Amino acid sequence: MNVQYCHPAPASKVTIIGAGNVGSTLGQRLVEKDIADVILLDIDPGRPQGLALDLMEARGVERHDRTIAGTDNYDLTQDSDIIVVTAGLARKPGMSREDLLKVNAQIVMEVTQQAIARSPDAIVLVVTNPLDVMTYLAWKVSGLAPRRVMGMAGVLDASRFQTFIALELRVSIKDVTATVLGGHGDLMVPLPRYSTVNGIPITELLSAETIDRLVERTKNGGAEIVSLMKAGSAYFAPASSACLMVESILFNQARIVPAAVYLDGEYGLADIFLGVPACLKRDGVAQILELQLTETEQAALQKSAEAVRQNLDLVASGFSP
């Protein structure tokens, strides 16, 4: 009997730098949704290899043919389609915000340079916090066109806002959309006017007081989880959010999502990465959508941008001679 062996079609390749909770969960999402093959890279010896092997051994149950490999060798990341940067430190007791900024800046710049040297045609997606600053630094050292570098934050913030709206109204989240602009932090700018339930703005469904409460909970979404967990931070929702962005890019879906992208005059801002609605396609950021904002909303967005610039200045001072 002649047997012809069949092999699965070649898949896109995604490198995830950082095998912490976010990175490893993202790897799981990507392979189990049959989106891409994954390289999971980390400097912790054995951790990425062990996680990858564990996920590979689940293929018989999850019924997919994607592969995931763990490594500490950047050479194995060669020719990646997308590089996702999740590497970085969490803030430790006694560490100032400025200290954390500078430490993570050094990490993000170094890993981006290493990865791009081996995958010069890749798209870079940054997840490391503080997100907007780290995305700017990754772009600077990558040498890539601005459209090929972006940060994941707005998808997560909008998802949190959607969740709280759906819970408040007791409706299916499938009918809820939400829009959040600005930096990833307590100065983010959720937009109730552009957040809807089956097309109906929530401003027509909820009182101003209720909306304000949901907005504040959204702004503090990450902090609320940290306070509950006491050790560690959110990773399921961040991984799902990054997965959505990767999927939109690799499958050329043209999803319009809030993402930290490079602004060059849009919203009156320039030379900054900040969260705004963007269309994601195979080449990266295909279009930035400029919403008509009220004076109050524009002022809030400007304030958020100023906070990002202050953090950039802090980082720059750490690398001055």
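**Close-up views of a predicted model: figure legends**

Over residues 156-315 the chain is 44% helix and 23% strand, with the end C-alpha atoms 25 Å apart. UniProt, in an unreviewed entry, assigns to residues 156-315 the feature "domain: Lactate/malate dehydrogenase C-terminal"; UniProt positions follow the numbering used here, feature names are shortened, and annotations may be inferred rather than shown by experiment. Helices (H or I, at least four residues) and strands (E, at least two) are DSSP runs numbered from the N terminus. The model is predicted: local features need pLDDT of at least 70, side-chain atom pairs count only at pLDDT 80 or more, and totals for chains, interfaces and linings use all residues. Residues are numbered from 1 along each chain as its sequence is written, and side-chain values use heavy atoms, with hydrogens and water left out.

**Figure 1. Salt bridge between aspartate 34 and arginine 66.** The N to O distance in this pair is 2.9 Å; a salt bridge places a side-chain nitrogen of Lys or Arg within 4 Å of a carboxyl oxygen of Asp or Glu. The two residues belong to distant parts of the chain, 32 residues apart: aspartate 34 lies in the loop between helix H1 (21-32) and strand S2 (37-41), and arginine 66 in the loop between helix H3 (59-62) and strand S3 (68-71). Arginine 66 is buried, at 9% relative accessible area, whereas aspartate 34 is partly exposed, at 39%. Here buried means under 20% relative accessible area, exposed over 50%, and partly exposed in between (1.4 Å probe, protein chains only). A network of salt bridges links Asp34, Asp37 and Arg66.

**Figure 2. Salt bridge between aspartate 75 and arginine 118.** The side chains meet at 2.8 Å, N to O. Aspartate 75 sits in the loop between S3 and strand S4 (82-85), while arginine 118 belongs to helix H4 (residues 97-118), so that the pair links distant parts of the chain, 43 residues apart. Both partners are partly exposed, aspartate 75 at 44% relative accessible area and arginine 118 at 24%.

**Figure 3. Salt bridge between aspartate 81 and arginine 282.** The closest N and O atoms are 3.1 Å apart. This pair links distant parts of the chain, 201 residues apart, with aspartate 81 in the loop between S3 and S4 and arginine 282 in the loop between strand S13 (270-281) and strand S14 (284-288). Aspartate 81 is partly exposed at 23% relative accessibility, and arginine 282 is partly exposed at 29%. The structure holds eight salt bridges.

**Figure 4. The second largest pocket, with about 610 Å³ of space.** Of its 25 lining residues, Gln162, Leu244, Arg255, Val257 and Pro258 are the closest to the centre. Helix H6 (154-169), strand S7 (176-177), helix H9 (236-250) and strand S12 (255-264) each give two or more residues to the lining, the largest share being the six residues from H9. By class the lining has 15 nonpolar, seven polar and three charged residues; Ala, Val, Leu, Ile, Met, Phe, Trp, Tyr, Cys and Pro count as nonpolar, Asp, Glu, Lys and Arg as charged, and the others, Gly among them, as polar. On a 1 Å grid over the protein atoms alone, a pocket is an open set of points with protein on both sides within 12 Å along at least five of seven lines, and lining residues have an atom within 4 Å of a point.

**Figure 5. The largest cavity, with about 50 Å³ of space.** A cavity is a set of grid points where a 1.4 Å probe fits but cannot get out; points are joined across faces, edges and corners, and a volume is the space filled by probe spheres set on them. One cavity of 30 Å³ or more is counted. Its lining includes Asp132, Asp157, His184, Met188 and Gly275. H6 and strand S8 (180-181) are the elements that give two or more residues to this lining, which has five nonpolar, five polar and two charged residues.
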